[in-house]
Amino acid sequence: MHCYTFMRHPNGTCISCQKWWTGPHCDAIVCNPEHGAPTKDLLMCECNEPATGAHCEVLTTADTLSHYNRRIAEAWVPVGALVIIPMIICFVLCERFADRRQIKRIERTLGDKMVVDDGSEIIHDFYP
């Protein structure tokens with residue numbers, strides 16, 4: 001099937017096989033052993049990431065970097081959640097306390113002055 005030349009032995013087997021093929025009739029696929037394995041029918045290769053290609057022989061820089069970045073991101077998701085959630089809680093609490101301090105500061109500043117609420121927008125501008 002994937003004989004290197006058209007020449008065959010008298011029994012019909014191939015003299016030599018093309019690259020990535022083996023067997024008496026050159027019908028069994030050979031995969032890159034570091035990055036994949038043949039399927040049960042020996043016609044295709046099942047590649048492990050980040051390898052691609054018919055025989056798991058192609059390793060591009062983009063695929064390799066994408067694979068390892070994805071693995072690191074998957075590993076850091078639980079840690080990221082443990083770090084980010086407390087940071088959000090701290091931020092919300094700090095904002096709330098800062099608003100309260102600002103209101104108290106304005107009240108102290110205006111405390112000795114007589115302020116009459118006649119419905120004007122001046123007082124509403126001081127309070128958030």
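A disulfide is counted here as a pair of cysteine sulfur atoms within 2.5 Å. With that cut-off in hand, let's tour the cysteines of this predicted model. A search of the whole structure turns up four disulfides, while Cys90 has its closest cysteine sulfur, that of Cys94, 5.8 Å away, too far for a bond.

**Ground rules**

- The model is predicted, so local features need pLDDT of at least 70 and side-chain atom pairs count only at pLDDT 80 or more, whereas totals for chains, interfaces and linings use all residues.
- Residues are numbered from 1 along each chain as its sequence is written, and side-chain values use heavy atoms, with hydrogens and water left out.

**Pairing pattern**

- If you number the bonded cysteines of the protein in sequence order, the pairing reads 1-2, 3-4, 5-6, 7-8.

**Cys3 and Cys14**

- Cys3 is joined to Cys14 by a disulfide, with an S to S distance of 1.5 Å.
- Both Cys3 and Cys14 sit in the segment before strand S1 (21-22), so this pair ties together parts that are eleven residues apart in sequence; strands (E, at least two residues) and helices (H or I, at least four) are DSSP runs, numbered from the N terminus.
- Cys3 is buried at a relative accessible area of 9%, and Cys14 is buried at 8%; buried means under 20% relative accessible area, exposed over 50%, and partly exposed in between (1.4 Å probe, protein chains only).

**Cys17 and Cys26**

- The sulfur atoms of Cys17 and Cys26 are 1.9 Å apart and form a disulfide.
- This link of Cys17 and Cys26 is left-handed, with -85° about the S-S bond.
- Cys17 is partly exposed at 26% relative accessibility, whereas Cys26 is buried at 0%.

**Cys31 and Cys45**

- Another disulfide connects Cys31 and Cys45, with 1.8 Å from S to S.
- Cys31 lies in the loop between strand S2 (28-29) and strand S3 (36-38), and Cys45 lies in strand S4 (residues 45-47), so the pair ties together parts that are 14 residues apart in sequence.
- The link of Cys31 and Cys45 is left-handed, at -100° about the S-S bond.
- Cys31 counts as buried at 8% relative accessibility, and Cys45 counts as buried at 12%.

**Cys90 and Cys94**

- Seen from Cys94, the closest cysteine sulfur is in Cys90, 5.8 Å away and too far for a bond.
- Cys90 is partly exposed, with a relative accessible area of 48%.
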